[in-house]
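Please keep the model open beside them as you read.

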Number of protein chains: 2
Amino acid sequence: MSEIACSRAPIDPSRLQAMMDELSTFGGGPDGSMTRLALSKEDGAARDWLGRWFARNSFAQAVDAIGNQFGSLSMAGANAPVVMVGSHIDSQPNGGRFDGALGVVAACEAVLAVSERFKAENKLPLCNFQVVNWTNEEGARFQPSLLGSSVFAGATELKWALDRKDGDGVTVRQSLAEIGYAGKDKVAIPSALIELHIEGDKALFEAGETFGIFTRFWGATKYRLAFLGRQAHTGATPMAERKDAVLGAAYLIADLKQIAGEHGLDLHTSVGRLEVFPNSPNTVPSEAVLFIELRSGSPDVLAEAERKMKLRVEAAAEKAGVTYQVRAVDRRKAGRFAEGLIALAERTAATHGEAARHLDTIGGHDAVAMSGVCPSVVLAVRSRDGVIHHPTEFTSAPDQALGTQVLADMLYAIASEGLQAVDPSGTAA
Amino acid sequence: MSEIACSRAPIDPSRLQAMMDELSTFGGGPDGSMTRLALSKEDGAARDWLGRWFARNSFAQAVDAIGNQFGSLSMAGANAPVVMVGSHIDSQPNGGRFDGALGVVAACEAVLAVSERFKAENKLPLCNFQVVNWTNEEGARFQPSLLGSSVFAGATELKWALDRKDGDGVTVRQSLAEIGYAGKDKVAIPSALIELHIEGDKALFEAGETFGIFTRFWGATKYRLAFLGRQAHTGATPMAERKDAVLGAAYLIADLKQIAGEHGLDLHTSVGRLEVFPNSPNTVPSEAVLFIELRSGSPDVLAEAERKMKLRVEAAAEKAGVTYQVRAVDRRKAGRFAEGLIALAERTAATHGEAARHLDTIGGHDAVAMSGVCPSVVLAVRSRDGVIHHPTEFTSAPDQALGTQVLADMLYAIASEGLQAVDPSGTAA
């Protein structure tokens, strides 16, 4: 392996950086921030840019009904297996430039490098490649997150996904039409999926290592829960008669933090979004909608946390004199990525002198959604200080290049050896 | 008094209802709701409608630099004292149709009825009248509330007021220009101010009475306070490393409710508006801005509540691992309305068999802002179930008519007897 990986499909770091710089112009701010919300006009412009790159490099573009954008390079013939590579280019509001974007750009560069090598050698690869840019990975504008990959994997119904609304009541369906990405192409489940992503945590950074492999993914239980009170004047209305929805929310937010504390490092809880209605300084709020997340690597801890939360919701509502409604529940199971892909990533990283630390991914990744339908894995490069979802999110150019080179080497190995490179037992695909 | 009040300036209840119905079309919903935010296009249209009413009835319109809209009927000559009457037509989001609107419409009808009577009697009144529609009483779109009356009374600086921004960053200055109410007229402080308003509480309703007089006003201390954390991914970031601004907010909201409980019926506390940034389900919030109100009829209780709140802010910030900033503080002192106007209102109400219950106003009224510069009072008619700031807010047509008739009778008394009707000692004006 090592000779092949190191020498046969060298990527072009300058070309990679040029793409990263160009992509950053769509929604990027002077402070390093990135606001490229899913299906926004910035996202639309970035998708158009990616489409032009596909066209220039002879990748055939396809867009499916949930707006996932694919670019296929089919040198191996129509019946060869397909290896999918990519991530997402949507971002958080005021987020960073590397989360997702690096994975798509690295996929383009890696596939290009591998194809150039095969052309130079005048050989045909044993698989085709498909770069993917998934719709609404972040879940910032539309909930839930991983929307495009979940629909693609068949875990989420298309019609339901298209009906999701943003905070202004605009649906995914409308937004796709507005930016011209309401596609009609049918794209098949690939034989394997590889995603490169920034770590978004500090394990690699603190260890002084560059490259890691996400081997396990945490489960998540997400609630959209509304406390319902009654609008009244904050002046005249006696305290005892108020039904203050925000007060119910406050009790629960404090309780959720406490529940996390009861499970040490095994449980993460959060309320990242809170919608208050009518949200006027002089009016007792009639509605507070909490976007709650419970996350754990342990299914038992997750179930226990949900049980505790339900009791606290009841208690918070009673104490604040309000009622509540569960508006949506989204559950993702904890699990493990494909062993064959993990092993190939380890072997490939070793040729670059990288230890390939095994990591848990706690945040969702599209590869988590895809892991239910095909062998999948997420490769990681370090984030400075572990920062993610913030304008100071940063992965250096050499680190980006290393991750992209490992990805290219993995693709080259599969293209040269066939799927047995990642699944010696032949059970994949 | 009684014969004059009962018989000399009868209002026309049908005309009053027709005006209320017309005004309700600007921002009214089919469910009885009203959304006519200050200086919105609905507010602009309603102002234009009021201006047309002024023109039709020979009231001279004036608009000052903060957009307060005046309609003057000057039958008594240029040197006669001016009695101002009115309220506001801006509303809460999804509020009701009577809060403010009744006071403006009743002022129009009462002044019209008095003027018609004087014309019929072929006499000249001893004072002139000026109907007023104050800008941004509600404080829903722009903070603070009572903005127009506070600028008019000289308690708030004009430039500062014009620079206030709504939640979308649009200033009062821009909004006034957009709807054509960036006026240039100079309007003098009147000799007296009378405002009719719905009670917005249930004292009258529960007593089975129709009419009351606000004699005292509560003080209020309002803070705009921001907790400042740090954006981070809600998945990957360890709980111990989070700086969650919403968690700080939650602790304080719960504490503010507790502080209210420590002062029985003497203290009201609320957080009616909460702005969360970036407000994404997957991101630990970096900023939570609370719009806090402390209200009391007792200056001592108010000061004690503020002292306690400050300690709790410190504690909440420390417990959540965040910092905080006080962005704005607005203080209004508790006080008492003008005795002469209260006495005239009592005498006048008695001619209609009304007990004229004395009420505290806890919510602000423009007359509170004006009470610092001229004798002022607020008359009240009952609200069904004490509801205010809600689509079901309701004051019946007969109750509206009674309040308007008392108002007209008071104006008639002043117009007939001169200012000594409300200030026998001659200290007013």
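**Notes on the two-chain model**

1. In chain B, 4 strands make up an open sheet, ordered β9-β11-β7-β12, with antiparallel pairing (strands pair if DSSP finds at least two bridges between them; strands are DSSP runs of E of at least two residues and helices are runs of H or I of at least four, numbered from the N terminus). At the edges are β9 and β12 (323–332) of chain B, each pairing on one side only. From one strand to the next, the twist averages 15° (axes are lines fitted to C-alpha atoms, for helices over the stretch in contact, and angles run from 0 to 180 degrees between N-to-C directions).

2. A word on the source: this is a predicted model, in which local features need pLDDT of at least 70 and side-chain atom pairs count only at pLDDT 80 or more, while totals for chains, interfaces and linings use all residues. Residues are numbered from 1 along each chain as its sequence is written, and chains are lettered from A and ligands numbered from 1 in the order in which they are written.

3. Back to the sheet of chain B: strand β7 (residues 219–228) and β12(B) are paired in the antiparallel sense over 9 bridges. A220(B) has R332(B) as its bridge partner in β12(B). Packed on this sheet is α9(B), which touches β7, β9, β11 and β12 of chain B and whose direction makes about 175° with that of β9(B) (contact here means C-beta atoms, placed from the backbone, within 7 Å).

4. Chain A also has an open antiparallel sheet of 4 strands, in the order β9-β11-β7-β12. There, β9(A) and strand β11 (residues 287–296) of chain A are joined by 9 bridges. One pair to find on screen is S270(A) with its bridge partner E293(A) in β11(A).

5. How do the chains meet? The contact draws 51 residues from chain B and 51 residues from chain A. On the chain B side, α9(B) gives the most, with 8 residues. By class, that side has 24 nonpolar, 21 polar and 6 charged residues (Ala, Val, Leu, Ile, Met, Phe, Trp, Tyr, Cys and Pro count as nonpolar, Asp, Glu, Lys and Arg as charged, and the others, Gly among them, as polar).

6. Chain B superposes on chain A by a rotation of 180° with 0.0 Å of shift along the axis, RMSD 0.0 Å (least squares on the C-alpha atoms of residues with pLDDT of at least 70 in both copies). This is the relation of a two-fold axis. Among the residues of chain B, A250(B) comes closest to the rotation axis, its C-alpha at 2.0 Å.

7. The largest nonpolar core has 272 residues, and L411(A) and L411(B) have the most contacts inside it (a core is a set of buried Ala, Val, Leu, Ile, Met, Phe, Trp, Tyr and Cys residues joined through C-beta atoms within 7 Å). Beyond its neighbours within four places in sequence, L411(B) contacts residues including V83(B), V85(B) and F129(B).

8. Is S145(A) buried or exposed? S145(A) counts as buried because it has 30 C-beta neighbours inside 10 Å (buried means 20 or more other C-beta atoms within 10 Å, exposed 12 or fewer, partly exposed in between, with C-beta atoms placed from the backbone). S145(A) sits in the loop between β4 (128–133) and α5 (147–152) of chain A. Leaving out residues up to four places away in sequence, its contacts include E137(A), G364(A) and N282(B).

Technical notes
Contact = placed C-beta atoms within 7 Å.
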